[in-house]
Amino acid sequence: MVSTLALKLAISLGCLFLFTGCAVNPVTGKQNFTLMSEADEMRKGQQAAVEIGKAYDVYDDLPALQAYVSEIGQKLAKKSHRPQLDYHFTVVDSPQVNAFALPGGYIYITRGILAYLNSEAELAAVLAHEIGHVTARHSVRQYSAATAANVAAAIGGLAAAIFMPQLGGQLAQGVQSLLGITGSVLVSGYGRSHELEADRLGAEYLARSGYDPQAMIIVIGVLKNQELFDIEVATQEGREPRRYHGLFATHPDNDTRLQEVVGEAEQYSQPSAADDRRAEFLRQTEGMAFGDAVNHGVIRGNTFQHKEMGFILSFPPDWRIRNKPDEVVAISPGGDALMVLSRFGNPRGSPADLARERLRLESSIPVLSMTSNGLALAVVSSTTSDGKPFKASVIYHDNNAYLLAGRGDSPAAFGRHQAAISSTIESFRALSNAEKESIKGLEIRTITATNGLSYAGLATNSPLGSNAENYLRLLNGQYPEGEPVAGQKIKIVK
């Protein structure tokens with residue numbers, strides 16, 4: 001009985017491939033294997049858009065910028081192979097360098113990537129590339145391929161179950177895996193062939209819309225430089241580099257095949273393509289937020305300030321500070337010590353009680369209860385399970401408990417930095433109302449370069465920190481060695 005049922009299920013799953021229509025690709029006109037109709041594609045896109053809305057805030061500080069990006073996107077979409085779709089273009093409030101497309105025409109671009117673009121043509125290139133993914137149904141084809149792989153695995157498991165019933169538990173897991181495919185595949189990266197196809201289609205849509213298709217290659221170079229610079233900064237900060245999933249993830253800007261596919265779009269070029277509309281782009285992005293949003297806390301010099309939670313603390317001047325979604329991390333110049341600030345939950349009992357409970361301290365380890373800057377806190381010094389010494393404090397402020405801890409990679413390293421760790425703990429204090437009001441986010445501003453102006457000179461008064469000079473070059477498309485030209489309008493951060 002078990003073998004008969006399994007065989008029937010195997011046949012049913014196998015028929016999935018036979019009776020699923022091979023849809024015509026709207027770009028190539030060829031048949032593509034797909035398990036998703038266009039109606040399903042629209043529905044998947046709508047569902048995924050709801051989830052994206054939970055993960056990202058819409059950037060609404062500059063409503064005109066949202067309208068500007070949408071206008072350019074709609075212009076490009078009308079020249080695409082699927083102009084009938086209901087496209088949505090959204091700028092999201094994230095400092096990350098990214099853009100991505102969901103099935104059915106939901107396209108997102110971060111303010112983080114906008115900061116490193118320098119013309120309307122470059123913006124159009126990013127949007128056109130993502131439109132290319134939609135028109136070629138790349139996410140649908142990727143979803144179908146993933147589903148097919150799971151079906152094949154399930155059929156293989158069924159065959160095994162027929163002859164080896166003891167594998168039935170594994171079979172159940174395989175079927176569950178098949179049915180449990182989620183939308184994560186819809187926003188993941190694509191392979192080289194899909195990226196090149198999106199480049200080719202994007203270049204064509206650029207040309208048909210009055211932009212120079214070579215903007216596709218220009219923006220890939222700009223963003224590739226940004227990626228290379230972030231690798232350098234990541235090394236300094238002791239973190240993994242941020243990788244942008246598409247556009248330049250699979251090929252450099254001097255790639256021969258890329259040059260060829262973009263060159264194919266020249267046949268559609270229009271006389272107006274010579275104007276990249278840089279001035280209009282700079283006007284629209286004037287005042288755009290740069291870096292961390294104020295409501296996520298901001299780094300200013302060696303301080304971390306959180307307006308909404310109402311506190312400030314100072315790290316040692318030469319330590320590298322990184323504001324992560326769930327914690328703030330500071331690393332010593334030599335990388336041999338670090339400090340971490342995180343929310344520890346709600347106050348429960350005294351700070352010493354919470355420290356003992358959450359840090360699982362043995363009763364023999366002393367915990368010092370004290371008051372600093374009007375706040376109740378507990379301080380403990382001990383070693384981690386692998387023998388690294390640390391000093392930690394649990395601080396109560398405004399109905400929140402915070403853990404602020406520092407450790408060294410060795411007893412010697414901890415000894416060198418113990419005073420700095422203690423000083424940081426002692427610096428944690430509440431912000432006054434006036435201080436809260438004074439906290440403003442960084443913004444993109446433009447100035448006109450004068451004779452003798454240099455990025456090194458601008459960096460001396462920049463809030464961008466030790467890497468300000470190269471950040472400014474990147475923002476203006478002049479990385480790694482370019483300098484402002486007199487009369488040129490350049491971006492700065494204030």
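This is a predicted model: local features need pLDDT of at least 70, side-chain atom pairs count only at pLDDT 80 or more; totals for chains, interfaces and linings use all residues.

Colleague: Fine. How many helices and strands are there in the chain?

Modeller: The chain has 16 helices and 19 strands.

Colleague: And what share of the residues count as buried?

Modeller: Of its 494 residues, 49% count as buried. The chain exposes about 22600 Å², and 53% of that comes from carbon and sulfur atoms.

Colleague: What about contacts between residues at least 6 apart in sequence, how many of those join residues at least 24 apart?

Modeller: That is 64% of them.

Colleague: Now α16. Is it mostly covered or uncovered?

Modeller: Mostly covered. Helix α16 runs over residues 468–475, and seven of its eight residues are buried. The buried ones are Ala-468, Asn-470, Tyr-471, Leu-472, Arg-473, Leu-474 and Leu-475.

Colleague: What covers them?

Modeller: The cover includes two helices, α9 (215–237) and α15 (455–459). It also includes the strands β6 (289–290), β18 (442–448) and β19 (489–493).

Colleague: Which residue with a positive phi follows α16?

Modeller: Gly-477, with phi near 65°. Further on, Gln-488 sits in the loop between α16 and β19.

Colleague: Is Gln-488 buried or exposed?

Modeller: Gln-488 counts as buried because its relative accessible area is 18%, and the cut-off for buried is under 20%.

Colleague: What is Gln-488 in contact with, leaving aside neighbours within four places in sequence?

Modeller: Its contacts are Arg-278, Ile-447, Thr-448, Ala-449, Gln-478 and Glu-483.

Colleague: Switching to charges. How many salt bridges are there?

Modeller: The count comes to 21 salt bridges. One of them pairs Glu-38 with Arg-82, with 3.0 Å between the closest N and O atoms.

Colleague: Where do Glu-38 and Arg-82 lie?

Modeller: Glu-38 is in helix α2 (residues 38–55), while Arg-82 is in the loop between α3 (63–78) and β3 (88–92), so the pair ties together parts 44 residues apart in sequence. Arg-82 is buried, at 1% relative accessible area, whereas Glu-38 is partly exposed at 40%.

Colleague: Which residues are linked with those two in a network of salt bridges?

Modeller: Glu-41 and Arg-137 are linked with Glu-38 and Arg-82 in that network.

Colleague: What does Asp-40 form a salt bridge with?

Modeller: Asp-40 pairs with Arg-43, the closest N and O atoms being 2.1 Å apart. These two are three residues apart in helix α2, so about one helical turn separates them. Both ends are partly exposed: Asp-40 has a relative accessible area of 27%, and Arg-43 is at 42%.

Colleague: Last one. Which residues gather in a patch of negative charge on the surface?

Modeller: Asp-212, Glu-266, Asp-275 and Asp-276. Asp-276 belongs to the loop between α10 (256–263) and α11 (278–285), and counts as partly exposed at 33% relative accessibility.

Conventions: Residues are numbered from 1 along each chain as its sequence is written. Side-chain values use heavy atoms; hydrogens and water are left out. Patches are made of residues with over 30% relative accessible area and no salt bridge: like charges are joined within 9 Å, nonpolar side chains (Val, Leu, Ile, Met, Phe, Trp, Tyr) within 5 Å. Accessible areas come from the Shrake-Rupley method with a 1.4 Å probe; for residues, only the protein chains shown count as cover. A salt bridge is a side-chain nitrogen of Lys or Arg within 4 Å of a carboxyl oxygen of Asp or Glu. Lys and Arg count as positive and Asp and Glu as negative; His and the chain ends are not counted. The place of a charge is taken as NZ of Lys, CZ of Arg, CG of Asp or CD of Glu. Helices (H or I, at least four residues) and strands (E, at least two) are DSSP runs, numbered from the N terminus. Buried means under 20% relative accessible area, exposed over 50%, partly exposed in between (1.4 Å probe, protein chains only). Contact means heavy atoms within 4.5 Å.
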